[in-house]
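The following paragraphs guide the reader through selected features of a structure. Please keep the sequence and the model in view while reading.

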Amino acid sequence: MIRFSAPAAVRRERLVAERFCGVDYTSDASAAAPSQSPNGQNMIRDVPGKVRKCMGYRRIAQYPGRINGRHALMGKQGEVGLIHAGEALYPEQAGPGGSAGPLYTGMADERSKSWQLGGRLFILDGKALLVYDGETVRPAREAAYLPTVTIAKAPAGGGTDYEPLNLLQPGFCELFAGTEKDTRYCLTFSGLDQTPVKAEKLAASGAWQALAEGSDFTVDRAAGVVVFVAPPGLSPVTGEDNVRITASRTVAGYAGRVDGCRIGALFGVGGASDRLFVSGNPEYPGRDWYSGQHDPTYWPDTGYSQLGTGESAIVGYSIVGNLLAAHKDARERDRSVILRQGNLVDSQPAFPVTNTLQGPGALAPHSFAYLGAEPVFLTPLGVYAITPSDVNGERYSQNRSYFINGRLQNEPGLADAFAFVHQDLYWLCLNGHAYILDGLQSLGRAGGEPYSTRQYACFYRTNLPARCMWEQGGALCFGTPAGEVMAFYTDPAAQESYNDDGRPIHAVWETPDLSGRCFSLNKRFCSLAMRLSSAVATGVSVSGLQQGIWQRLRDETSRARYFCYSQLCYSKFTYSNDQTAKTLWMKLRLKKLDKVRFRFENAELNEPFGLMAYAVEFTEKGSFRG
């Protein structure tokens, strides 16, 4: 008797991905997580776990030189903006056709930084420290504070040290207690320059009376001695000095120590932001200087520190709690980060080193920013952060960019990168594109970075010629090497937000290799479903990678759209009024494969594109024999 048995039904499997956490350029496509893309571009976090096409930008101003920085002075009348373009500083234009002349010329054609202190704006470009008071811009040395170096001084010398010399200018003042006999008054410094010496005598009214050089006194500049024709006499006010002498002594290179700096940070005693610390002078790579309190026109000649070895440069600063962290370059092997605190010692400011941290040296001076509470910066090994240790509370450096390091570390010119944080996103711009770290999405440990407690989700933006970035009116703006100022669109629901100054944005989300339950089994992929964000005009092009060859599977141009009269476009017309997310399903005939990879693309002008989920159905039967 012949018996028949029905073959066992082949079970249909389903792979579903509903969370998307950026790109993974470091792992192989066969090892990347389903939530990450090994080759995505121009997609950004929509809400945590979902992605959409990056919004574009429009040109809002044009300047005659490359954009080196945007600076703003906040006052009672609001914000006054300045643009550093080429070698000049311009008032901010109201539109692309603006033609206002420069406020100042002769700047370095390099990136500049600025800080507001004491109601004035101080701008550093590596050539001169500039000060802007709301009306004029001039070198800080022209408005430099004149220090009083000695008080209560006898004509022959002595007295009490009061203030150090100012690096920015050669002038200094000394106060003497005059006598009825002495006519020779010895200054602290000899070798005076030819600047006129000013001598004054205190009157009984309390006012200072000016005396004339040549008739009331003479000056021995070589010896640093002022000789009065008649003794100034005793002070008319008991306990007050009655002779004030102002002279100048130029020390070559003093002003250049500060003017040649390129980086800085606000810091002070107890962690206050009341002094400007600067560094980056190539002649003094490991040294920094700090200004007077609330006054960056005063730079005490004693107010400097030599941090670490002289050959290793200070690359940038971070504020870590109430400490100032100075980041050294890779040549400082034993202590890449030097921490200082601000104290008062004998009523004078002091900034002693309190700790040093080990890790890779900093690389790009303009890559320092704060992502949430973490100071982050670029090193040759990727983006690092200073963070509290989970073990003993000590601070150390951790890598935060593992998922883009596979591509980022191979970029040329890393030292020229520029970074800015906007809405919890760290934009690292270089070579016409940007690597973006998402501060709202932490992905835990990565196998390739065992000493880092977590990694950020990362994204990649193309066609971004950003030389510098800033926030203005809630919008992210950037300046280009061609002198353009661009502003990103801010409305993700508007169709017009999805172009780069009139050019389409090519957005791609590519899946990792999908190998089913077992990589060695033969697979037949039956269907693919996608959930897209709906829009007035949107669509998706789907391709599949089969045995190393990409094939276009389907172009879906209408089913995720809805009708909106205010944004009506007849070429993209639809009758649907459903504005909810749309699920699109397509049948597949992909057979005898061990794996497959899918690519979702949208490269249409002024079309948003949001990917919320995808699902693949497949069967597995027999061993794959490719």
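Asn281 lies in the loop that connects β23 (275-279) with β24 (287-290); strands here are DSSP runs of E with at least two residues, numbered from the N terminus. The model is predicted, so local features need pLDDT of at least 70 and side-chain atom pairs count only at pLDDT 80 or more, while totals for chains, interfaces and linings use all residues. Residues are numbered from 1 along each chain as its sequence is written, and side-chain values use heavy atoms, with hydrogens and water left out.

With a relative accessible area of 4%, Asn281 is buried; buried means under 20%, exposed over 50% and partly exposed in between, for a 1.4 Å probe and protein chains only. The side chain of Asn281 reaches the backbone oxygen of Gly256 at 3.0 Å. Leaving aside residues up to four places away in sequence, Asn281 touches Gly256, Arg257, Gly260, Cys261, Arg262 and Trp289, where contact means heavy atoms within 4.5 Å.

A disulfide is counted when two cysteine sulfur atoms lie within 2.5 Å, and the count comes to zero. The sulfur of Cys21 is too far for a bond, because the closest cysteine sulfur, in Cys458, is 11 Å away. Cys21 is buried, at 3% relative accessible area. For Cys518, the closest cysteine sulfur belongs to Cys526 at 18 Å, again too far for a bond; Cys518 is partly exposed, at 29%.

Elsewhere, four strands form an open antiparallel sheet in the order β9-β10-β11-β12, with pairing requiring at least two DSSP bridges between strands. β9 (113-117) and β12 (137-139) stand at the edges with a single partner strand each, so one side of each has no neighbour in the sheet. Four bridges join β10 (residues 120-124) to β11 (residues 129-132), and Phe122 has Val131 in β11 as its bridge partner.

Methods: A polar contact is a pair of N or O atoms within 3.5 Å; within protein, one must be able to donate a hydrogen and the other to accept it, and residues adjacent in sequence count only if both atoms are side-chain atoms.
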